[in-house]
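I wanted to go through this structure in order of topic and keep a record of what I looked up. These are my entries.

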Amino acid sequence: MITRDAETSTVQAVFSLARAPFGECFDDAFFFPSDQHLRALEFMGHTLWTRARVGVVTAEHGCGKSLLIRRLLSSLDERFVAAAVSKEKLGPREFLLEVLQQFGFALEDTDKTDRRRLLERFLHHQASSGRVCVLIVENAQMMHPSVLEELRCLAAVEVDGVRTLKILLLGQPTLNHVLDSPRMAELMATIVPRFALGPLSEDQTAAYVAHRLHAAGAKNPDELMPHTLMPLIHACTGGVPALINKLCGEALVWAAEDGGAYVTAAALDRAIIALGLKDRALRVTAQGQLPVSVVFDAHNTQPVAKLVVAMQGLAEREVVLAANRILIGRGEEADVRIDSVFVSRYHALIVRNGGQDLLLDLGSTNGLLINSNRIVRHVLRHNDLVQVGPARVTYHNPLAVQATQPDPAETICFARPGFPMAAGEDDDTASVLAFGRRDPAER
């Protein structure tokens, strides 16, 4: 079995690279100065120089919080004394021990010293010497409530009415929920500045990849990893630097194995499959964010089940049915989002099972029409036309499996009290539900 180190050496040899371009590296040469990362550094520095005692930076996992901490620490001069804690799930005593050790105390785990008192004396001494103490806590959303209490006590330490400790909390977006909880009310009593670090845009992703390749010694980064691959790289990674590194590193391995001079679309496709990102590629393609031509599985020539969504005044868009359940509705969480007041938040659901695609009305206000018939439950057929509010949704799947027997649970709604009428329906207060499949000849 080829080890990761052997793969890295092969990539460097094949493409004449001095270093692994997408490995874990904290050298200044590999730092990509995106606009949002520079603003995050500026925010963190501003927190240290102002009267703010706490600053919060949130970002999804892999967006570069650890790199920001390293950059910040390297920029501090002798006026600052800093401790950075990144270990997760520490108890209060372990947390205080880690902070003391980061500040330079040679304490053992078995030491019985009053750690909080020792830390408070240290903060007093540093403040009296004119130094600013900084405590940086990474993965702060994982803090135990008892650790939050220790943080609150440390943040309250003062010398001559001035707080002695600056605290920077970095974590995933769920950290905001932790900080807004009642137990954090005292620590967050004043307005605490917060900064949300977002992922890279598609253009930034392309620049990031080129920057890393150039830092690794690539003579022509754009030739080694063509710009035509960038939309798919960004779509599969969401612009998260850690995922970009994984995908591009894997693509280089496959390209080296193929013996090519650059990363081909086929090498990227294999990397996407190897990392389990195929569903992401299909999903973004289905949402119209990528042209269908970039869907990568070139060896799969079978037709793909999809929906074609058309609304007056808007371009048609295709949605590939890649998941087992596809939610149709107005809400942001919908897989097929139709922005209209005539569409319920959870309007309908497509359940895929055994080659059949079953459409279910989720109790929507305005219902579903399929081929001009009002339907509550229906097994979709190729070229079925589904009316969802103002949207006309055409189902395409030549390979759709049809039931050999009528579906006894299939429901056609001819009328219902208070239910909007389909074209040609009479205003009737009666409710009639018909079970069983309609004769195709009547369609």
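**Salt bridges**

I began with glutamate 120, which is buried, with a relative accessible area of 18% (buried means under 20% relative accessible area, exposed over 50%, and partly exposed in between, using a 1.4 Å probe and protein chains only). I note that this is a predicted model, in which local features need pLDDT of at least 70 and side-chain atom pairs count only at pLDDT 80 or more, while totals for chains, interfaces and linings use all residues. Residues are numbered from 1 along each chain as its sequence is written, and side-chain values use heavy atoms, with hydrogens and water left out.

I then looked up the partner of glutamate 120 and found a salt bridge with arginine 117, the closest N and O atoms being 3.7 Å apart (a salt bridge is a side-chain nitrogen of Lys or Arg within 4 Å of a carboxyl oxygen of Asp or Glu). Arginine 117 and glutamate 120 are three residues apart in helix α5 (residues 115–128), so about one helical turn separates them; helices (H or I, at least four residues) and strands (E, at least two) are DSSP runs, numbered from the N terminus. Arginine 117 counts as partly exposed, at 44% relative accessibility.

Aspartate 28 forms a salt bridge with arginine 71, with 3.0 Å between the closest N and O atoms. Aspartate 28 lies in the loop between α1 (4–14) and α2 (35–49), and arginine 71 in helix α3, so the pair ties together parts that are 43 residues apart in sequence. Aspartate 28 is exposed, with a relative accessible area of 56%, whereas arginine 71 is partly exposed, at 25%.

Glutamate 333 and arginine 345 meet through their side chains in a salt bridge of 2.9 Å, N to O. Glutamate 333 is in the loop between β10 (325–329) and β11 (336–337), and arginine 345 in the loop between β11 and β12 (348–353), so this pair ties together parts 12 residues apart in sequence. Glutamate 333 is partly exposed at 35% relative accessibility, and arginine 345 is partly exposed with a relative accessible area of 46%. I also noted that Glu257, Asp258 and Arg270 are linked in a network of salt bridges.

**Sheet**

I traced an open sheet of five strands in the order β2-β3-β6-β1-β7, with parallel pairing (two strands pair if DSSP finds at least two bridges between them). β2 (80–85) and β7 (194–197) stand at the edges with a single partner strand each, so one side of each has no neighbour in the sheet. From one strand to the next, the twist averages 15°.

I checked β3 (residues 132–138) against β6 (residues 165–171), which pair in the parallel sense over six bridges, and leucine 135 has isoleucine 167 in β6 as its bridge partner. Helix α3 (residues 65–75) packs on the sheet, touching β1 (54–59), β2, β3, β6 and β7, and its direction makes about 165° with that of β3 (contact means heavy atoms within 4.5 Å; axes are lines fitted to C-alpha atoms, for helices over the stretch in contact, and angles run from 0 to 180 degrees between N-to-C directions).

**Helix pair**

Lastly, I looked at helix α10 (residues 230–237) and helix α12 (residues 265–274), whose axes come within 11 Å and cross at roughly 5°. α10 and α12 are therefore roughly parallel to each other (angles under 35 degrees count as roughly parallel, over 145 as roughly antiparallel, 65 to 115 as roughly perpendicular and the rest as oblique). Leu232, Ile233 and Cys236 in α10 meet Leu268, Asp269 and Ile272 in α12.
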